[in-house]
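Subject: Structure for you to look at

Hello,

Here is the structure I promised to send over. Please have it open while you read, and my notes follow below.

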Amino acid sequence: MSEAIAMEARELGKKYRRGWALRDLSFRLPAGRVCALVGPNGAGKSTFLGAATRLVRPTTGTLELFGVPVTDPAVLPRFAFLAQDKPLYKRFTVAETLRTGRELNPGWDQAAAERIVRAGDIALDAKVGTLSGGQRTRVAFALAFGKRPQLLLLDEPMADLDPLARHELSGLLLAEAAEHGTTVLMSSHVLADLEEMCDFLLVLAGGRLRMAGDTDALLPAHTLLTGAAEDGALPRELTEGCTVVEHRVTGRQFTALVRSEGPRAELPDGPWETAVPGLEEVLLGHLRPSEAPPLITAAARPSTPLEAA
Ligand SMILES: Nc1ncnc2c1ncn2[C@@H]1O[C@H](COP(=O)(O)OP(=O)(O)OP(=O)(O)O)[C@@H](O)[C@H]1O
């Protein structure tokens, strides 16, 4: 049986008056993954989340959630979106906030929503406006999970949390997602969060997809090399033998993040040292401007029209 697909974009693009914010985005996200959406400021992350939540109308292409086009209102019960500013009514109590969730969502799970709130020692009769930032985030999580979405979209969910609240809420998020098989897509600039939580990566830069796939398929495709530079440049055997994602020359030394088309063993031999890069090194390499073609693993490639038929 083929794997269920939570999200599939084909040539998705968004053009504003000043130019393209998103361009030719084509990928698929298999269901059940916890996916990081990563990119420098202005990369198009919010625009993409807007397209996925029907707040931004794409200029080109299509986007489907669980096979339903986002243009179809039938997609609405399938996802929940937690915006970065976690908009909640400050004058409502926590109980009233959850009641709004119950009244607006047919599949509402009151027990789960209350459990999430109570685990943070938040009184149900407390006014939302009196809660701390971390407590408000917890209530927003309760609202999002109470909906029992198949896909949870989060825009910088941990941005305003202290390390303890961050740790607690990421644990909660992973536990709830695992228990219900929820697919999660979260944007974040905090690499430590991504390393701990995510098993799938979508990397955007300049509105284009730079990398997509399972973390444990993407990382082993890369190698970090250090060696002697030749006249201030990378050795030619290297540039000819593999794809250089990013490199730097400092004095007579170079460091380069490279990928070969196959496993690490297929790298050209040479007078350089190799090391296995971590997530941070691979991400930074792809966030900086690069001539290297995007890396989209097989699991992240959209189906061809023939397969889709
Ligand atoms: N409503 C809008 N009108 C015009 N241009 C916009 C609009 N929203 C975003 N843009 C532009 O689109 C590009 C992508 O912006 P977007 O907010 O999607 O990036 P981002 O990756 O979310 O950035 P950040 O990490 O800073 O939040 C930017 O150049 C931005 O100026």
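Which helices do the buried residues of H3 pack against? Before the answer, please keep in mind that this is a predicted model.

The partners are helix H2 (94-104), H4 and helix H5 (163-180). Helix H3 itself spans residues 110-119, and its buried residues are Ala113, Ile116 and Val117. Looking down the axis of H3, you will see these buried residues fall within an arc of 95°, so they line one face of the helix. On the face of H3 turned away from the buried side sit Ala111 and Ala119, both exposed.

Next, the core. The largest nonpolar core contains 78 residues, and Cys35, Ala36, Ala142, Leu201 and Leu202 have the most contacts inside it. Helix H4 (residues 133-146) contributes the most, with 7 residues. Both domain 1 (5-206) and domain 2 (218-293) supply at least three residues to this core.

Then the two domains. The centres of domain 1 and domain 2, taken over C-alpha atoms, are 35 Å apart. Their contact involves 9 residues from domain 1 and 6 residues from domain 2. On the side of domain 1 that touches domain 2, helix H6 (191-197) and strand S9 (200-205) are the elements that give two or more residues. By class, that side of domain 1 has 7 nonpolar, 1 polar and 1 charged residues.

Finally, some backbone angles to check. Most residues other than glycine have a negative phi.

- Phe66 has a phi near 50° and lies in the loop between strand S4 (60-65) and strand S5 (68-69). Phe66 counts as partly exposed because it has 17 C-beta neighbours inside 10 Å.
- Arg148 has a positive phi of about 55° and is placed in the loop between H4 and strand S7 (151-155). With 19 C-beta neighbours inside 10 Å, Arg148 also counts as partly exposed, since a residue needs 20 or more to be buried.

Best wishes

Conventions: Residues are numbered from 1 along each chain as its sequence is written. This is a predicted model: local features need pLDDT of at least 70, side-chain atom pairs count only at pLDDT 80 or more; totals for chains, interfaces and linings use all residues. A nonpolar core is a set of buried Ala, Val, Leu, Ile, Met, Phe, Trp, Tyr and Cys residues joined through C-beta atoms within 7 Å. A residue is buried if 20 or more other C-beta atoms lie within 10 Å of its own, exposed if 12 or fewer, and partly exposed in between; C-beta atoms are placed from the backbone. Helices (H or I, at least four residues) and strands (E, at least two) are DSSP runs, numbered from the N terminus. Domain bounds come from an automatic or database domain assignment. Two residues are in contact if their C-beta atoms, placed from the backbone, lie within 7 Å. Ala, Val, Leu, Ile, Met, Phe, Trp, Tyr, Cys and Pro count as nonpolar, Asp, Glu, Lys and Arg as charged, and the others, Gly among them, as polar. The arc is that of the directions from the helix axis to the C-beta atoms.
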